[in-house]
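Subject: Structure for you to look at

Hello,

Here is the structure I said I would pass on. Please open it beside this message and follow along; my notes come after it.

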Amino acid sequence: MSDQDSWVRIERVFDAKIEDVWRMWTEAALFQRWYGPNGAQVPTAEMDLTIGGTRKIEMQMTTPKGPMSMWFIGVYKEISAPRRLVYTESMCQPDGTIIPPEAMGMPEGHPDVTEVIVELESVEGGTRMVMVHWGVPAGTAGEGGWMQAIDKLGEALNAG
Amino acid sequence: MVQSDDLSTAFAALAHPTRRAILARLAKGEASVNQLAEPFDLSLPAISKHIGVLEKAGLITRGRQAQFRPCRINPEAIKSVADWADAYRPIWNQRFDAMAAVLEDMKEDDK
C-alpha cells in the first residue's frame, strides 16, 4: 500500500499467554468484553470461526435519543490458531446487507470492505500482537485511489 | 484529527438509513429541508429532526438565509470519518487497553 492513510498498524505486548490473547479475538463472550469501550457495547457477536464463515458484530452507542446500533459483517479468511487471524469487515444493515460508503455521503472509492489481520507471537514477558486494519477501496485493486477521491470531493464542494 | 468523541457522535449520526440517505443527497449539492424531505415518506418535523442530528454531529452545515437555510455537507467532517485510519487508530488503542484489562481479570480468576 502506497497510501499510509489507508491502514492502521498497532503493535502491543500483553502480559498474557498467546492462547488467551487468541481467545480474546475468537470467543464471542470474551470479545464482547473489550471491543466496545468508551460507552459502546457489543450486544451481538456472531462468530462462525471457519474459513469463509460469517462474522457479524453489533456495536451499540448510547445517544441522547437512546441506543443506536451499527452493524458490521465479514468473513474469516485465515484462521491459524493461535498465531494468525484474518477477517474482512464492512458496515451493514441489521440483516447483513452491506451498506455502500456512497450511501453515507462518502466519496466514491472509500473502502467498503476492510480487512483486519492479527498476528500473535510468544515473547519474553507475554505475547506480542501486531494488528493491521486496512481498506480495500471499491472498484480498485487496493492502491490508494480513495484519497484522490476525497480530494476530488473537496474540490467539487469548494467549487460549488 | 477529530477527537474520538466527535467521531462517536458522527458514527452515531451515520447509524440511521434516513440520515445516510440525506447525506448521500447532499453529497450531490446543497438542498432545502423541503427538497430533502421529498423522497421520504416522512413529515417535515421528522426530517428536520434528522437534519438536526446531522448538524449537531458536524456532518452538515446550514445556511443563514432565514427562510430557506439550505443544508450542505461539511467536507471536513466527512473527511475525518472518511479518513478511517485516523478514525480507527484511537478506537483500536482504547480497545486494546480494554483487552489488557480483561486479560488481567482472567489471570485473577485463575489464581
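Val75(A) counts as partly exposed, because it has 17 C-beta neighbours inside 10 Å, and a residue needs 20 or more to be buried. Please keep in mind that this is a predicted model. Val75(A) belongs to strand β4 of chain A, which covers residues 66-80. Setting aside residues up to four places away in sequence, Val75(A) touches Gly52(A), Gly53(A), Thr54(A), Arg55(A), Tyr87(A) and Thr88(A). Val13(A) is 62 residues away from Val75(A) along the chain, and the C-alpha atoms of the two are separated by 26 Å.

Which strands does the hairpin with Gly52(A) join? The strands are β2(A) and β3(A), with 6 residues between them, and Gly52(A) takes a positive phi near 85° in this hairpin. Strand β2 of chain A spans residues 40-47 and strand β3 of chain A spans residues 54-63; they pair in the antiparallel sense over 6 bridges. To find your place in this pairing, look for Thr44(A), which stands opposite Glu58(A) in β3(A).

Chain A as a whole has 3 helices and 7 strands. From the N terminus on, its elements run β-α-α-β-β-β-β-β-β-α. Chain A has 160 residues, of which 29% count as buried. Taking the contacts in chain A with a separation of 6 or more, 45% are between residues 24 or more positions apart.

Now chain B. Its secondary structure comes to 6 helices and 2 strands, in the pattern α-α-α-α-β-β-α-α along the sequence. There are 111 residues in chain B, and 33% of them count as buried. Of the contacts in chain B between residues at least 6 apart in sequence, 53% join residues at least 24 apart.

At what angle do helix α2 and helix α4 of chain B pack? The angle is about 75°, and the axes are 10 Å apart; α2 covers residues 17-26 and α4 covers residues 44-56. The two helices α2(B) and α4(B) are therefore roughly perpendicular to each other, since that description applies to angles from 65 to 115 degrees. On the side of α2(B), the contact is made by Thr18(B), Arg19(B), Ile22(B) and Leu23(B), and on the side of α4(B) by His50(B), Ile51(B), Val53(B) and Leu54(B). By type, the residues of this contact of α2(B) with α4(B) are 5 nonpolar, 2 polar and 1 charged.

Leu23(B) and Leu54(B) turn up again in the largest nonpolar core, which has 27 residues. Along with Ala10(B), Ala13(B), Leu26(B) and Leu59(B), they touch the most other members. The elements giving two or more residues to this core are α1 (4-14), α2, α3 (33-37), α4, β2 (71-73) and α5 (75-82) of chain B. Helix α1(B) provides the largest share, 5 residues. Apart from this core lies another one, of 17 residues, among them Phe31(A), Trp34(A), Leu85(A) and Met99(B).

Beyond its neighbours within four places in sequence, Ala13(B) is in contact with Arg19(B), Val53(B), Leu54(B), Ala57(B) and Leu59(B).

Regards

Note on methods: Residues are numbered from 1 along each chain as its sequence is written. Chains are lettered from A and ligands numbered from 1 in the order in which they are written. This is a predicted model: local features need pLDDT of at least 70, side-chain atom pairs count only at pLDDT 80 or more; totals for chains, interfaces and linings use all residues. Axes are lines fitted to C-alpha atoms, for helices over the stretch in contact, and angles run from 0 to 180 degrees between N-to-C directions. Helices (H or I, at least four residues) and strands (E, at least two) are DSSP runs, numbered from the N terminus. Angles under 35 degrees count as roughly parallel, over 145 as roughly antiparallel, 65 to 115 as roughly perpendicular and the rest as oblique. Two residues are in contact if their C-beta atoms, placed from the backbone, lie within 7 Å. Ala, Val, Leu, Ile, Met, Phe, Trp, Tyr, Cys and Pro count as nonpolar, Asp, Glu, Lys and Arg as charged, and the others, Gly among them, as polar. A residue is buried if 20 or more other C-beta atoms lie within 10 Å of its own, exposed if 12 or fewer, and partly exposed in between; C-beta atoms are placed from the backbone. Two strands pair if DSSP finds at least two bridges between them. A nonpolar core is a set of buried Ala, Val, Leu, Ile, Met, Phe, Trp, Tyr and Cys residues joined through C-beta atoms within 7 Å.
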